[in-house]
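Biologist: Please take me closely through one part of this model, beginning with the salt bridges, and then connect that part to the rest of the fold.

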Amino acid sequence: MDVERARTFLKSLPNVVETQQWGDNLVFWVGDKAIGGKMFALIDLSGGLAHGVGMFSAGPERFAELVEQDGLIPAPYMARIHWIAAERWDALRNAEWEESWQAAHAITLGKLPKRTREVLAMPARAQAKLLADRRQVLAEKACVKQATKKKRQPAK
């Protein structure tokens with residue numbers, strides 16, 4: 001497995017949104033976070049991730065089994081919610097990576113609120129309109145919050 005193959009596979013899963021966050025990390029979400037989506041996998045592009053090449057949600061059933069394998073460790077800060085970190089790409093075979101990511105996607109999809117799952121079930125056009133509207137509302141809230149914050153700061 002490598003970054004490009006991983007990225008291609010992850011983006012092929014239904015309702016996956018990719019973002020780049022926290023430096024050089026690709027974060028994969030089930031649904032856009034603007035509508036309540038949740039992340040299920042992360043890939044480090046820089047190779048500098050102290051925790052390995054990537055992380056994914058394993059679920060409580062597979063977590064204990066996976067951390068016993070060489071090259072897989074509990075994901076720092078995320079182990080309490082049963083995330084696994086891979087120290088290197090060869091810690092799993094390609095088919096095992098794909099199976100793990102599909103399982104992580106399914107686990108995360110199952111944990112989404114009902115309203116978010118309803119949005120993901122909408123036709124693409126309706127979903128895109130709702131998402132655009134939601135992003136506009138969030139942007140307006142951010143502007144109001146910033147303006148309020150500036151008013152509260154004491155004058156120098």
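Modeller: In this predicted model, Glu118 forms a salt bridge with Lys114, and the closest N and O atoms of the pair are 3.9 Å apart; the term stands for a side-chain nitrogen of Lys or Arg within 4 Å of a carboxyl oxygen of Asp or Glu. Because the model is predicted, local features need pLDDT of at least 70 and side-chain atom pairs count only at pLDDT 80 or more, while totals for chains, interfaces and linings use all residues. Residues are numbered from 1 along each chain as its sequence is written, and side-chain values use heavy atoms, with hydrogens and water left out.

Glu118 and Lys114 are four residues apart in helix α4, so about one helical turn separates them. Helices here are DSSP runs of H or I with at least four residues, strands are runs of E with at least two, and both are numbered from the N terminus. Lys114 counts as exposed, at 59% relative accessibility, whereas Glu118 is partly exposed at 36%; buried means under 20% relative accessible area, exposed over 50%, and partly exposed in between, with a 1.4 Å probe and protein chains only. Glu118 also meets the side chain of Arg115 in a salt bridge of 4.0 Å, N to O, and since these two are three residues apart in α4, they too are separated by about one helical turn. Arg115 is partly exposed, with a relative accessible area of 48%.

The structure holds ten salt bridges. One of them joins the side chains of Asp90 and Arg88 at 2.7 Å, N to O; Asp90 is exposed at 59% and Arg88 partly exposed at 29%. Elsewhere, Arg7, Lys11 and Glu18 are linked in a network of salt bridges.

In soluble globular proteins, nonpolar side chains tend to be buried together. Leaving aside neighbours within four places in sequence, Leu10 is in contact (heavy atoms within 4.5 Å) with Val16, Phe28, Phe40, Ala41, Ile43 and Trp101.

In helix α3 (residues 94-111) lies Thr108, which counts as buried because its relative accessibility is 5%. Apart from residues up to four places away in sequence, Thr108 touches Val30, Lys38, Met39, Phe40 and Ser57.

The strands form an open sheet of six in the order β1-β2-β3-β4-β6-β5, with antiparallel pairing; two strands pair if DSSP finds at least two bridges between them. At the edges, β1 (16-21) and β5 (72-74) each pair on one side only. Three bridges join β5 to β6 (residues 83-86), and Ala85 in β6 is the bridge partner of Ile73. Helix α2 (residues 59-67) packs on the sheet and touches β4 (54-57), β5 and β6, its direction making about 125° with that of β5; axes are lines fitted to C-alpha atoms, for helices over the stretch in contact, and angles run from 0 to 180 degrees between N-to-C directions.
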